[in-house]
Each structure stands twice: as structure tokens, then as C-alpha cells.
Amino acid sequence: MQTLSALHPPSVTELDTAVMSVLIYFDYFKHPLKAIEISEYCNVQHDPSELQLSLQKLEERNFIKKTDAFYMLFEADPSILNRRIQGEQKAEEALKIARKQANFIAKFPYVQSVCVSGSLSKNYFDKKSDIDFFIITTPNRLWICRSLLVAWKKIFLMNSTSTKFLELKSSSL
């Protein structure tokens with residue numbers, strides 16, 4: 001016997017579509033999300049109760065699943081949850097190192113800001129991760145600043161294995 005809701009399934013709202021878009025994007029990175037994170041990345045205005053209703057509806061319709069406090073696509077491998085939790089734990093330690101390194105880099109001439117980028121900026125770190133920085137310099141001083149950082153690395157850290165944090169990947173805007 002079919003229920004009334006089976007005969008008239010709830011319509012898909014703009015919020016439902018936005019929630020699915022967020023979860024699909026993060027599924028590519030094997031990264032389940034908490035409701036608060038979904039809310040932050042969602043591009044549709046909503047209040048917390050609307051989001052909870054949307055998540056509940058999507059879960060009931062087997063588009064997504066909830067494990068502990070995390071949401072992921074229904075077909076997602078449940079092991080990604082352990083991967084995320086372990087990655088967050090390792091990120092705590094890596095952030096301590098990154099702060100020290102960023103404070104050191106910030107003392108170089110013409111450095112205005114040192115920001116963490118890459119997976120660590122998403123609070124994730126694993127054995128394949130490294131610490132990536134995005135450095136903002138004084139206008140028209142990028143190449144001088146870069147040269148000073150490279151020179152320091154070559155002179156003082158030539159054979160050190162712990163110098164990975166000063167690797168400078170060439171990239172242009």
C-alpha cells in the first residue's frame with residue numbers, strides 16, 4: 001500500500017539543488033560535510049530549519065546519507081568519513097608548523113601577508129600533503145621578495161630535508 005507521500009513526492013526546491021551541488025562538489029574530494037559546512041557553502045539564502053528539512057528530505061529520498069554528524073552522497077564509500085576525521089587530526093599538528101613557518105616568512109622584506117592554501121586551508125592533511133603558502137607582497141616587489149626567499153633557502157637550507165615549506169612553485173597570474 002502506497003502512502004500519500006509516495007504518490008505525491010515532495011518537490012525539489014532551490015535549496016535542495018544547492019545542497020546537492022555542494023555535496024557533489026565535495027564528493028569529488030572524498031570529503032563529507034557537517035550541516036554547518038553545507039550551510040556555509042550553500043549559495044541559496046536559508047535559515048537553519050530550512051536546511052535541516054532539506055537534508056532530511058534528501059536523506060529520506062536516498063540522495064544523501066548521514067553518518068554521525070557528516071553528510072555525503074548516498075553512493076559514497078563510508079570509509080571517507082574516517083579519512084576526513086584522521087585528516088582533521090593531522091591538520092591540527094600541521095597548522096602548528098605552518099604558523100611558525102608563516103611567522104618566519106612574514107619577517108622577510110616586502111612580505112605583507114602569508115596565507116595557508118591547499119588542503120591544509122580546508123583543515124585536512126595526510127601523508128601526501130604538504131604545506132602551501134600564498135604570499136602577498138608589496139606592489140611591484142614580487143620578484144625581489146621571491147629572490148630573497150629563494151636565496152635564503154639555497155644558502156641556509158641547501159641540504160635540509162625539512163625545507164619543503166620553502167619550495168616555490170612558479171606560477172603567474
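Predicted model: local features only at pLDDT ≥ 70, side-chain atom pairs only at ≥ 80, totals over all residues.
User: Which residue in E3 is the bridge partner of Ile64?

Analyst: Strand E2 covers residues 64-67 and strand E3 covers residues 70-73. The two strands run antiparallel and are joined by four bridges. Within this pairing, Lys65 has Met72 as its bridge partner in E3. For Ile64, the partner in E3 is Leu73.

User: Which residue in the hairpin of E2 and E3 takes a positive phi?

Analyst: The hairpin has two residues between its strands. A positive phi near 55 degrees is taken there by Asp68.

User: In what sense do strand E1 and E3 pair, and which residue in E3 is the bridge partner of Lys34?

Analyst: Strand E1 consists of residues 33-34, and its pairing with E3 extends over two bridges. The sense of this pairing is antiparallel.

User: How many residues of the lining of the second largest pocket are charged?

Analyst: The lining includes Arg83, Lys122, Asp126 and Lys128. Because Asp, Glu, Lys and Arg count as charged, these residues belong to that class. The lining also holds four nonpolar and three polar residues. The charged residues number four.

User: What volume does the second largest pocket have?

Analyst: The pocket is lined by residues including Tyr25, Phe26, Phe29 and His31. Ser119, Tyr124 and Ser129 are also among the lining residues. The volume of this second largest pocket is about 310 Å³.

Technical notes:
Residues numbered from 1 in each chain as written. Heavy atoms only, no water. 1 Å grid on protein atoms, 1.4 Å probe; cavity = no way out; pocket = protein on both sides within 12 Å on 5 of 7 lines; lining within 4 Å. Points joined across faces, edges and corners; volume = space filled by probe spheres on them. Pairing = 2+ DSSP bridges.
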